[in-house]
Amino acid sequence: MATETTKTRNTAKLKIIPEKYGATEYLKISCPLRYGIYGEISTPSYIFGFNRNGEIKTIQGRAGDWLTSAEWLKRTAGDDWQYFSAGGYAGAFNYTGEYYIPLLPYQTNSIFGQNAFKRDEVREAFAAWRRLQKEVEELELPDFSPDKQRFLKRILKMTPEKLRQRGELLHRIIGGMVTVLPPDTRHVEYDVIPVTIADGCLYNCGFCRVKTGLGFSVRTREAVVKQLNELGEFYGRDLINYNSVFLGQHDALHAGRDMICYAAEKAWQVLEMEKSVMKGPCLFFFGSVDSILAAEESLFETLNTLPFSTYINLGLESGDNKTLSILGKPVSAKKVDRAFDRMLEINRKYENVEITANFVIGKGLPESHLPSILELTRNRLSRFYPKGAVYLSPLEEIGDKNRLLTRFNEFKTLCHLPAYIYLIQRL
Ligand code: SF4
């Protein structure tokens, strides 16, 4: 049991700031930034950040064994933790397009190592968070100003059990976990509100680790509005920190113009995105070879007029028939070719719409695979274009990591579009 003296000693070490103002625009700079409005408690060894609901959001070490002041832990709305590694700023930017590499505690396709959560200093950071919760419990709340009392009470409500339940609640609202976010969500540090407008995908490819195995179906407008209302309640006081939406699941583009535009406009309205403190609202979703070829021109015309910048990420995988067949992807190279041309056309035509493409990279693929991607991403373009990123997604079998990264770097040098490694992240 803590004595009065220990209590005083502990609380004196806590610097409590109920409301802090971070950056209001997502920036790509080589030092860590906090975004939006948040609360903070700092100790001599750690800085703990809280969202406006009192949920722990970030932990950063500031002394002792903590690796570097440029690395931090971030908790998602789905109750996962991510470790943002600086990874040598230049190297990180080359591979991810950001000045960090997110390391994840679950099995994914990252080739940058996943041991951050086994490191002593990261385990110690979580232990410090548990200690902080006890210290906050022991505080004499009436000693604090009303705004600090309200802040501390919110934190006390968000026990680890409650945080876990909230992650589950988010998944219940949208009808399941987001098993993969589009790589473009890196532009908003993965801070997106997920809204499911369609389930499943068209192909159920053999190689894919995130497929549902079910067919494709579009949700009803009523179901989308119900989700949005529940999401508005779920994010509550923290809604003000969000201005971007992910329309799920794996091929929302195939849901068609009416549903996509309806969901985007409703999300803007119900989630009160106009009131967000963050600038530069974005809309993200996935598309496929068939859905981009079937998409009406009027979809892109409408998306171009929405208050969002729209990013659509297409799973193309390869421009080579032999590779597509090995991957168990039931589309032809000819179709991939047409989908890629359509992507270039849309990127040229619509200022507020950017289509990006995924291709796979890994061990044991035919020699014709990488040249087939270069045929599209180099030979089709007379010079380098900054719009329309190409992501290379590591397969389960990657072989020698260094060899793979070398191949990626060779590809990137030749590619006439921005090229990055695609890290599968869930929410
Ligand atoms: S790669 Fe895309 S289309 Fe293929 S199974 Fe996975 S989610 Fe579906």
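Arginine 342 counts as buried, at 13% relative accessibility, where buried means under 20% relative accessible area, exposed over 50%, and partly exposed in between (1.4 Å probe, protein chains only). Buried here means under 20% relative accessible area, exposed means over 50%, and partly exposed is in between (1.4 Å probe, protein chains only). Arginine 342 lies in helix 11 (residues 333–349) and glutamate 297 in helix 9 (residues 297–305), so the pair ties together parts that are 45 residues apart in sequence. Helices (H or I, at least four residues) and strands (E, at least two) are DSSP runs, numbered from the N terminus.

Before going on, keep in mind that this is a predicted model: local features need pLDDT of at least 70, side-chain atom pairs count only at pLDDT 80 or more, and totals for chains, interfaces and linings use all residues. Residues are numbered from 1 along each chain as its sequence is written, and side-chain values use heavy atoms, with hydrogens and water left out.

Back to glutamate 297, which is partly exposed at 25% relative accessibility. Glutamate 297 also meets lysine 349 in a salt bridge, at 3.2 Å from N to O. Since lysine 349 sits in helix 11 and glutamate 297 in helix 9, this pair ties together parts that are 52 residues apart in sequence. Lysine 349 is partly exposed, with a relative accessible area of 47%.

Now step back to the whole chain, which is divided into domain 1 (4–157) and domain 2 (175–421); these bounds come from an automatic or database domain assignment. Taken over C-alpha atoms, the centres of the two domains are 30 Å apart. Domain 1 brings 32 residues to the contact and domain 2 brings 31, with contact meaning heavy atoms within 4.5 Å.

How much area is buried between domain 1 and domain 2? About 2,900 Å², of which carbon and sulfur atoms give 49%. Buried area is the accessible area (1.4 Å probe) that two parts lose on being put together, summed over both. On the domain 1 side, Tyr26, Tyr95 and Ile111 supply 26% of the area that domain 1 buries against domain 2, more than any other three residues.

Charges meet at this interface too: the rule finds four salt bridges across it. Strand 5 (72–75), strand 6 (81–85) and helix 2 (89–96) are the elements that give two or more residues to the side of domain 1 that touches domain 2. Helix 2 gives the most, with four residues.

Elsewhere, lysine 74 and aspartate 191 join their side chains in a salt bridge (3.0 Å, N to O). The structure holds 25 salt bridges in total. One of them links aspartate 80 to arginine 426, with the closest N and O atoms 2.8 Å apart. Aspartate 80 lies in the loop between strand 5 and strand 6, and arginine 426 in the segment after strand 16 (419–421), so the pair ties together parts that are 346 residues apart in sequence. Aspartate 80 is buried, with a relative accessible area of 8%, whereas arginine 426 is partly exposed at 24%. Finally, Glu55, Arg75, Asp79 and Arg166 are linked in a network of salt bridges.
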